[in-house]
Each structure stands twice: as structure tokens, then as C-alpha cells.
Amino acid sequence: MEQIGYSKKVMEHFMSPKNVGTIKNPDGYGKVGNPVCGDLMEMYIMVKDDVITDMKFQTFGCGSAIATSSMVTELAKGMHVDEAMKITRNNVADELDGLPPKKMHCSNLAADALHEAIKDYKGKKWLKKETTKGKGRNADRGAGNKGMN
Amino acid sequence: MENIYLDHISSRPIDPGVLEFAKRFLEHDYGNPSSLHSLGLEAKRALEEARAKVAELINAENEHGIIFTGSATEANNLAIKGAALRNIGKGKDVAASAIEHMSVLNPMKELQKNGFTFNLIPVDSNGIVDLEKLDEVITKNTTVVSIMYANNEIGTVEPVEEISKIVHEKGSYLHVDATAAAGFIQIDVQADGIDLLTLSSNDLYGPQGAGALYIKHGTKLQPLLLGGGQERGFRSGTENIFAIAGMGEAARIARLKMAKEGNRLKKMRDRIIQEILIIEGSHLTGHPTQRLPYHASFRFDHIEGESILLNMDMYNMQVSTGSACSSKTLEPSQVLLAIGLTHEQAHGSMVLTIGRSNKMEEIFAIIKAVKETVERLRRLSPLSKKEVM
């Protein structure tokens, strides 16, 4: 039988979503959807040693958009970023005891938002490495200059 | 918390008096009105009594103009396809306002696929039909023009009398879907100049499963359903006597209650609108004054309608929305787009439709629930943050 309405779990996450909010200077930030389509999600992650230590979200959208956002933060917190990249839309829906069929695609974007945040984190990490390398060279030169003085 | 039902546009509870009146047709008066024996004649009597009661509600010339159908959707289909197909000799143009119900627009679109010309008449930002455009669009080839009495999503009441004059100048039929208006607004098909008018039983607090089409004497119509020739040949099929008798009684009660109940609802409606518009980023949809007495519709910035509906349900209050997320097609309401809203704006709609069970004392709780709902969803929304920043 086609699922009628939302599961109890979806309603729980809709009514009391976990990890709502934003993080100032996050290690990773992801945004998917747009308000024209009716769903927009923003994910913020903090990462230490490649493990997600904190996560926050804000979502504009329907009941399942809010519930899936909340659920994905619950799933990904404490996970290694490479593991978290493997969380799929289906995983999120399964953890919520299913979503109505028409909601599976349009408002089940939370996993995508998480992936975007992780990609952002990895990009920043790479950039940091590159700039630290650069800084290192500058530092050497600086030290050299200092030495000359 | 006691339940507060605010979705009368979607379904109305059956009036206890109506149920009491009609239940005998479910229990023991099960005759077929086409039969000549006593049980059949009893059913036939009930059928004709219901016809007279419905005729009286809309001031039809007599009861013969009323044809019972299975729903308002069927009545709309019968009116539009019936008139277009039967009058091909005059032409193959049909027209409807951009805010009609799907049961008007979809038959029109089907006609279009089959070689008819379908013109959509725009409305202004309040939902009032553009009369100049209407005049422009109708040609001598136009057979039927469909304009609703009042809109179910934004509550706007159309200037039917003026529309009728324009439509009749070109010799077209005017079909009016009065599903949302009948029983709440004084309808006079003769004074208004209406050729075809759709009614719904449930919207009058009658049982589901019956609708009616008023057909002005002389209007040429081709039936959709062929069979035993019931309902003067316009709608074959054994009549649903329980629903029809109920609809008749509901029409009678609605007519008697209309003035007093209308005033009561209007007061409540105005209070609701006044209080909700205090909320920042809230907007009324539809006409501010020319609107159904039971109808209060809004949109809110930065939040989405399905979430509003779910959140209000947690307060035991049932509302409706034109948001795409709650529609079968995942498209936002055509009505909200027709009044000029963007997709983004249309997502945040909420419709409150009050009825006989609602009391003035409930208003405080309703306003409080709406305010808290809007605040909570805005806290979750990344869009509201940007405005603040």
C-alpha cells in the first residue's frame, strides 16, 4: 500500500528538529535547492581530524524537507567525513521510516546538502594546506630576512 | 486541546438535521425512482422535493432546471463539454478565467486537444476577472464561457452580473461554478443572468456524492453519460437518493440560515484577517472586501505552506494551502500564480475557511497558533535570517 501521509518519525523530527541553527566560521558549508522550487537547505559542519564534531542546519520547505535535514545531522554527527559522504537520500528516508513517494525526490535533499558541506570542508582543507606550504616558504624567507637584520 | 476545524473549503460536516432527514433512504426507503411501485414512487417524491429545494436556493424559474449529478466536478464537466460539443454549429471557441477549478480547466484543455480554441481570461491581483479582456476574447464563435461565482483558494467574489452582460452580448452561454459561493451568497440565476450553474452538496453541509447543474430553459447541452435517460436524459444512471435528498434539505437549511450565519462568519473572518495581518511579512490573498464571508487566505514570507499546515495540525487546527509541496502535481496553485504571485510567494500560502462549528471565542487560540507557527518556521528558515542580516 502506498504510504499515506508522514511517518511518526518524520513528524517527530518536523516538530522537534535536532541541530537547528547556523555556525559562525564553519569548517564546511553546503547549500542546495532554491526557494522557487519550495525547498532550500543550508548545512554547517565543524570537523576535527576528519570527524564531524558539530553540525547545524536551516531549511525552508515542507515537512519532509525539515525532517530529512534534522535526520541527516543526527546521522552524520560523529562520523568520519568519508563515511558521511556515503550517506544517501535513501538512507535518510529509511531512518525516517520512509517518505511518501512524491516526496522522495523533491524534498529529500538533506544528504546532498551534507555532501556539499563536506566538499566545501575538503576544498578548504586543501586550500589551507596549499597556503600553509606557501606561508612556510614565506616564513623561511622572513626568518632569513630577520637573520640578515 | 479541542479541535478547531478551519478547512471547510475542503469538506464540511454533514448537518445533523440533514442526516436525520435523509438517512431513511439508506436504511429502508431504497426504491429506485424509475420504478412505478410504492417504494419507487417514494424515492421519486424525495428526488423531486430535493429538486425544488435546490431550485429555490438559487431562484431558478422552476425545479425542472435542476439536474442532479454525482459531484460538482461532474456538473462542471457536463456544462462545459456538454455545451461545447452540442453547439459546434455556432463555433469551436471556449473560454474560462485563469482561476477556475481544475474540473473546469481540464475539460477545457481536453476540448483544446480536440481542435477547440481555449482562451484563458486573466484576473487582476485581487482575483477579479479582467472584463475588458473578457470582452476582447469572446467572439461570435464562442459557445461557453466559464467564470466562477467565488474562488475557493482566495475567496474573491466575481461581478457575475456584469460578466453575464458581456458574455450574452456575443450570444455565448455563461457557466458559473458556484460551489464555493452557494449557501453563503445570495444567488439569483435569473437576475444574475446565468445559463448554467454548478452546485455541490457537501459545500452546503449536505452529504458527499451529489452535485447539481442548473440548466436554464432552452440551453442546449449534450449529455456525458448515456443510459437509461434519467434526469431528463442529461445524466443517466440511477440517482443517489440519499445524497440527493440530503442535498435538497441542506439547500433548504442553508437558505434559511444564510443571512444570519453570513453576518456571524463575516465578523469572525474580519477579525481573523485583521489580527493575522499584524504579523510581519504576512499578506492577504484575494479581494479585501469582495470575498466569501467564511474565507480568510494569506501568504507568509520565508516559510512554506505544507509546513504551516502540519504545524497548525499540531494545535489541532486543520487548514489548507496552495503550496506546491502539498499538491499532487508538485506545482504551486495556478490561482496564486494567476493573481501575480511568484513561485516563491505562492509556496507560503495558508487558507482558513470557517464554518458553523466555529465560535468567536476560538479566535484568540487561532491567532496564537498562527503566530507561533510562523515564528517557529521562520526560526528554521534560512531565508528569514538573510532579511534580518
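Predicted model: local features only at pLDDT ≥ 70, side-chain atom pairs only at ≥ 80, totals over all residues.
Figure 1. B:Gly322 belongs to the loop that joins β11 (317-318) and α11 (334-338) of chain B. Leaving aside neighbours within four places in sequence, the contacts of B:Gly322 are B:Glu153, B:Gly305, B:Pro332, B:Ser333, B:Val335, B:Leu336, B:Ala346 and B:Ser349. B:Arg299 is 23 residues away from B:Gly322 along the chain, and the C-alpha atoms of the two are separated by 9.5 Å.

**Figure 2. Helix α13 of chain B and its two sides.** Helix α13(B) covers residues 363-380, 18 residues in total. From the first C-alpha to the last, α13(B) reaches 26 Å, close to the 26 Å expected at 1.5 Å a residue. Which residues of α13(B) are buried? They are B:Ile366, B:Ala369, B:Val370, B:Thr373, B:Val374, B:Leu377, B:Arg378 and B:Leu380. These residues lie on the same side of α13(B) because they cover an arc of only 155° around the axis. B:Phe364 and B:Lys368, on the other side of α13(B), are exposed.

**Figure 3. The side of chain B that touches chain A.** Here 20 residues of chain B are in contact with 19 residues of chain A. On the chain B side, the elements that give two or more residues are α10 (305-314), α12 (343-346), α13 and α14 (382-388). With four residues, α10(B) gives the most to this side of chain B.

**Figure 4. Helices α4 and α5 of chain B.** Two packed helices are described by the angle between their axes and the distance between the axes. For α4 (residues 72-86) and α5 (residues 102-113) of chain B, the axes come within 9 Å and cross at roughly 30°. That angle makes α4(B) roughly parallel to α5(B), and the crossing of the two helices is right-handed. On the α4(B) side, the residues that meet α5(B) are B:Ala72, B:Thr73, B:Asn76, B:Asn77, B:Ile80, B:Lys81 and B:Ala84. Their partners in α5(B) are B:Ser103, B:Val104, B:Pro107, B:Met108 and B:Leu111. Helix α4(B) itself has 15 residues and reaches 20 Å from its first C-alpha to its last, close to the 21 Å expected at 1.5 Å a residue. Because 13 of the 15 residues of α4(B) are buried, this helix is largely enclosed by the rest of the structure.

**Figure 5. Helices α3 and α9 of chain B.** Helix α3 (residues 38-57) of chain B packs against helix α9 (residues 241-276) of chain B at an angle of about 35°, with the axes 8 Å apart. The crossing in which α3(B) passes α9(B) is left-handed. Residues of α3(B) that make the contact include B:Ala43, B:Leu47, B:Ala50 and B:Val54. Those of α9(B) include B:Ile244, B:Gly248, B:Ala251 and B:Arg255.

**Figure 6. Helices α1 and α2 of chain A.** Chain A has six helices and three strands, which follow the pattern α-β-β-β-α-α-α-α-α along the sequence. Helix α1 (residues 8-15) and helix α2 (residues 63-76) of chain A pack at an angle of about 85°, and their axes are 8 Å apart. The two helices are therefore roughly perpendicular. A:Val10, A:His13 and A:Phe14 of α1(A) make the contact with A:Gly63, A:Ser64, A:Ile66, A:Ala67, A:Ser70 and A:Met71 of α2(A).

**Figure 7. Surroundings of A:Ala110.** A:Ala110 is in helix α6 (residues 110-148) of chain A. Is A:Ala110 buried or exposed? A:Ala110 counts as buried because 33 C-beta neighbours lie inside 10 Å. Not counting residues up to four places away in sequence, A:Ala110 touches A:Met41, A:Thr68, A:Ser69, A:Met71, A:Val72 and A:Val92. The C-alpha atoms of A:Ala110 and A:Lys8 are separated by 19 Å, and the two residues are 102 residues apart along the chain. In chain A, buried residues make up 40% of the 149 residues.

Figure 8. Most residues other than glycine have a negative phi. A:Asn19 has a positive phi, near 60°, and A:Asn25 has a positive phi, near 50°. A:Asn19 lies in the loop between α1 and β1 (28-34) of chain A, and A:Asn25 lies in the loop between α1 and β1. A:Asn19 counts as partly exposed, with 18 C-beta neighbours inside 10 Å. A:Asn25 is exposed, with 7 other C-beta atoms within 10 Å.

Technical notes
Residues numbered from 1 in each chain as written. Chains lettered and ligands numbered in written order. Expected span 1.5 Å × (residues − 1). Buried ≥ 20, exposed ≤ 12 C-beta atoms within 10 Å, placed from the backbone. Arc of directions from axis to C-beta. Axes fitted to C-alpha atoms, helices over the stretch in contact; angles between N-to-C directions. Parallel < 35°, antiparallel > 145°, perpendicular 65-115°, else oblique. Left-handed = near helix turned anticlockwise from the far one by under 90°. Contact = placed C-beta atoms within 7 Å.
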